[in-house]
Amino acid sequence: MRLIPCFLYLLIIAMHEVIWRDFAGLYFVALNLPAMIVVSVAIYKSETAALWFGFLAGLVMAASQPDKMGLHALFLAILGVAVFHVREKLNLESVYSKLLLIVGAVLVHNIATTIINGTDRFFYLLWSYCLPGAAYTTILAWIFFLFKERKITFQKLKSVF
Amino acid sequence: MNQITSFFPKEWRTLHFTLVVFFSVIFIINVTSINQFVGQSIVKSLYFPFFKLKSLMVEVGTSSTENDILREELVDSKMQISILEEAAKENERMRSILGFEPPAGYTLLPSKVVSVTYGGNRPVSIVINKGIRDTVAIDQAVINQQGLVGRIKEVMNDIAVVQLLTDPSNRVAARISETREMGIVRYKSGVGLVLDNFPIQGSIHEGDVIVSSGLGGVYVAGLMIGTVGKINRPQDEAFCEVELRSAASFSSVEEVFVIRSVHE
């Protein structure tokens, strides 16, 4: 993985944390862009890239809460490696299998984030935040994959109008 | 990242894991100075531009909201000014009406014009907000502070239709206030109010005041109709052609009075 794309992804995560999180949220449902980017890197790049990118993404994501930076960094690094290994073992040719992987990974990350942040209403947050958040993120990931795999292009979109 | 990972051979995979775990553990142990230094560095380098951008967006949003509020207030103020101006004009009219007295034996019923009907380029009838409930009846004369306006043509429970002098079918028996000579006032298309049936030998001068004569029983005697304008005395004709300047301005009638007999 090259340094510039890596930096750009980190920049996108920072932008998400500062600006998008507020705008992209629907009631309790929040977009988990850091997890989505880490999973995407794990799907398309090497194990080492997924490991280090997950670690850095965790640091950037939790920069505003330094006491939890380590846990977030470690967890996203593990998530990146885990997704990489799942990708290696499964046939991820289809977009839907990638989406399945993303929904699972984001759900696990949402649950982990909820636990790391500490809550006494875990099951409530599981239903109201973790699951809908994973679904919401997967919808965005679906659009991203459609563009990435050229199933939707701007030319096709243009031709519709 | 390739540049980073290319420093290490692939078999050094364990080293990568160890490093990541090692760094993570350092952050988890939360040695305050390190965590804070790293956190602040990330915030200053990666977050800061977006903080600036967000504050700019919030500022623009606030200005836009303020702008909307100010625009709304401006429209509101303009409306208030317009209402006040209207009230001032109405006040002025009412002041002039205050000194206005009805002919002897009659009372005035003040009413407001609610609608105007045009015939060509002039109003020919108006609708007022008084009707049978207010003892308004057909053929009662309607005036304003300037002079005669017309007569009640139709009347309903709460409204009445006033036929204005500008309606060609409306005729008023009139006389010259000074000389007491008589004629009939009517509206002639393209000319305006005219005094008909005025003999060519009659004494009439520009500026003479024309009032209702009271003949015919519809209009009370002495109501101001207008003043004499242009006079034509065609040869070999029995009557003059007299153009009048109407006292009432028909296109700006807003408040009128229905003249009722005290016995009604």
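Predicted model: local features only at pLDDT ≥ 70, side-chain atom pairs only at ≥ 80, totals over all residues.

Is α2(A) mostly covered or mostly uncovered? Residues are numbered from 1 along each chain as its sequence is written, with chains lettered from A and ligands numbered from 1 in the order in which they are written.

**Entry 1: the helix.** I found α2(A) mostly covered, with eleven of its twelve residues buried (20 or more other C-beta atoms within 10 Å of the residue's own, C-beta atoms being placed from the backbone). Among the buried ones are L33(A), M36(A) and I43(A). They pack against α1, α3, α4, α5 (95-117) and α6 (122-148) of chain A. Helices here are DSSP runs of H or I, at least four residues, and strands are runs of E, at least two, numbered from the N terminus.

**Entry 2: the contact.** I saw 29 residues from chain A and 26 residues from chain B in it; in contact means C-beta atoms, placed from the backbone, within 7 Å. On the chain A side, α1(A) gives the largest share, nine residues.

**Entry 3: the barrel.** In chain B I traced a closed barrel of six strands, β6-β7-β8-β11-β10-β9, with antiparallel pairing (two strands pair if DSSP finds at least two bridges between them). Strands β7 (residues 182-188) and β8 (residues 192-196) of chain B are joined by five bridges. I also noted that I184(B) stands opposite D196(B) in β8(B).

Key. Contact = placed C-beta atoms within 7 Å.
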